[in-house]
Amino acid sequence: MAIETALSTGYGQRARTTSRTTTAGRAKQPSMVPALAALVVLELVGELIVRIFALPVPGPVVGLVLLYVAFTVHGSVPDGLRATGNVLLQHLMLFLVPATTGLMMHFRRLGDEWLPIVLAAVGGTAVTMALTALTLRLFLGRRRAP
Amino acid sequence: MIPGVDGLWTILQTSPLFWLAVTLVAYQVAYAIYLRAGRHPLLNPVLVSIGLIISVLLATRTPYPTYFDGARLVHFLIGPATVAMAVPLYTHSERFKHMLLPLAGALLVGSVTAIVSAVAIGWTFGASPDTLLSLAPKSTTMPIAMGITEKIGGSPSLTSLMVTLTGISGAIMAGWLLKLVRIDDVATRGFAIGVTAHAIGTAYTFQLGEVAVAFAALGMGLNGVLTTILVPVLMRLLMSH
């Protein structure tokens with residue numbers, strides 16, 4: 001039901017964008033609001049699903065899956081959602097700043113056990129990233145071979 | 001009556017708008033520095049922003065919760081942005097479909113390596129058992145990682161520190177590390193960054209293009225789910241030795 005609401009927001013906005021393309025340039029801006037509404041509604045639905053089924057993933061991730069399913073059903077990504085999604089993802093670093101600043105709450109802990117903590121974080125990250133990339137390349141290469 | 005400097009400061013400090021402004025301005029400054037320095041990885045905008053903000057908070061003796069109250073509006077946008085990752089994911093879904101097995105294999109290797117390497121390094125350098133439990137889920141996003149730690153009896157607040165350090169160090173080292181192991185393919189780069197360094201890494205991949213963002217989002221999402229399943233099992237194995 002809510003997926004349909006979000007989808008129809010997408011549809012409606014696509015139709016509006018199309019009909020407005022004649023009023024050059026200004027056509028894209030108004031479509032930000034319905035797109036943002038669709039994203040927030042899907043996040044909310046995701047949050048509800050997570051609570052109801054006690055899923056161990058965050059609500060927005062379920063919202064992401066719902067939107068993906070909606071795109072699959074619809075067959076394409078509405079222009080407004082593409083534009084708004086791009087703006088949001090472009091500034092993802094900014095959105096992460098307030099939570100990341102919470103680092104300051106742990107200075108004392110970092111002082112007590114800084115060596116294992118920093119080494120595990122940095123060393124573990126380097127090993128994981130390199131191994132994941134090398135594994136993927138290995139499997140892709142093997143599969144591409146005749 | 002016009003308030004004095006102290007009075008003005010009290011008004012500013014108690015207004016949520018002030019900390020919102022500090023966050024936005026700090027990020028602008030950090031981003032300008034980053035661009036000016038030719039996108040030098042060590043000047044990662046998230047790292048420089050939090051450096052600036054923490055300096056202001058320490059200098060003004062402002063507790064973090066007071067700050068977060070004001071910056072909440074910015075933080076809130078992580079949710080819609082996460083949902084919006086469906087756009088690059090759907091757009092490049094044809095590419096995933098041709099490489100499902102290699103992706104699954106790399107995901108499994110990455111997920112296990114993230115957990116085992118963190119715990120092994122921590123153990124080698126004398127971390128306490130409580131700390132070891134809190135290190136395990138460090139490669140997933142903050143809410144997932146904290147949920148896992150809570151379930152296995154570690155300290156969620158230490159986990160949030162680990163998640164932050166992992167994301168920032170991942171974004172800083174990604175460029176040279178992947179060049180060092182000679183990975184040129186943007187899809188492979190994106191996937192490895194997403195699996196390892198969650199949202200902070202994924203935010204970094206924006207400058208590698210939409211394909212990288214799509215693969216990073218995929219890696220991040222899948223690793224979140226797999227880590228939730230793997231950590232309790234692996235930790236039982238590791239801690240019994």
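Visitor: What ipTM does the predictor give the complex?
Guide: The model is predicted, and the predictor scores the complex as a whole. The pTM is 0.84, and the ipTM is 0.90.

Visitor: What is the mean pLDDT of chain A?
Guide: Chain B averages a pLDDT of 92, with 98% of the residues at 70 or above. In chain A, 76% of the residues reach 70 or more, and the mean pLDDT is 81.

Visitor: Which element of chain A has the lowest mean pLDDT?
Guide: Helix 2 of chain A has the highest mean among the elements of that chain, 95. Over residues 1-28 of chain A the pLDDT is below 50, although this stretch has 29 contacts in the model beyond near neighbours in sequence. Where pLDDT is low, the predicted coordinates should not be read in detail. The element with the lowest mean, 42, is helix 1 (residues 2-20) of chain A.

Visitor: How much area is buried between chain A and chain B?
Guide: The contact involves 69 residues of chain A and 96 residues of chain B. The size of an interface is often given as the accessible area lost when the parts come together. Carbon and sulfur atoms give 81% of the buried area here, and the total is about 7300 Å².

Visitor: Which residues in chain A lose the most area to chain B?
Guide: Chain A has 69 residues in contact with chain B. Three of chain A's residues lead in area lost, and together they give 10% of what that side buries. They are Leu89(A), Met93(A) and Met129(A).

Visitor: Which side chains meet in a salt bridge between chain A and chain B?
Guide: Side chains of opposite charge can pair when their charged atoms come close. Over all chains there are 4 salt bridges. The pair that crosses between chains runs from helix 13 of chain B to helix 4 (residues 79-90) of chain A. The count between chain A and chain B is 1, and with 3.8 Å from N to O the pair is Glu210(B) and Arg82(A).

Visitor: Which helix gives the largest share of the lining of the largest pocket?
Guide: The largest pocket has a volume of about 510 Å³. Its lining has 25 residues, and those nearest the centre are His75(B), Ile78(B), Thr82(B), Met142(B) and Pro143(B). Elements of both chains give two or more residues, among them helix 2 (32-53) and helix 3 (59-74) of chain A and helix 10 (142-152) of chain B. The largest share, 4 residues, comes from helix 5 of chain A.

Visitor: How many charged residues are in the lining of the largest pocket?
Guide: By class, 15 residues of this lining are nonpolar and 7 are polar. The charged residues number 3.

Visitor: Which residues are the closest to the centre of the second largest pocket?
Guide: The second largest pocket holds about 350 Å³ of space. Helix 3 of chain A gives two or more residues to its lining, as do helix 7 (93-97) and helix 13 of chain B. By class the lining has 15 nonpolar, 2 polar and 1 charged. Of its 18 lining residues, the closest to the centre are Leu64(A), Val65(A), Leu89(B), Leu218(B) and Leu222(B).

Key
Residues are numbered from 1 along each chain as its sequence is written. Chains are lettered from A and ligands numbered from 1 in the order in which they are written. This is a predicted model: local features need pLDDT of at least 70, side-chain atom pairs count only at pLDDT 80 or more; totals for chains, interfaces and linings use all residues. Side-chain values use heavy atoms; hydrogens and water are left out. pLDDT is the predictor's confidence in each residue, from 0 to 100. Contact means heavy atoms within 4.5 Å. Buried area is the accessible area (1.4 Å probe) that two parts lose on being put together, summed over both. On a 1 Å grid over the protein atoms alone, a cavity is a set of points where a 1.4 Å probe fits but cannot get out, and a pocket is an open set with protein on both sides within 12 Å along at least five of seven lines; lining residues have an atom within 4 Å of a point. Grid points are joined across faces, edges and corners, and a volume is the space filled by probe spheres set on the points. Ala, Val, Leu, Ile, Met, Phe, Trp, Tyr, Cys and Pro count as nonpolar, Asp, Glu, Lys and Arg as charged, and the others, Gly among them, as polar.
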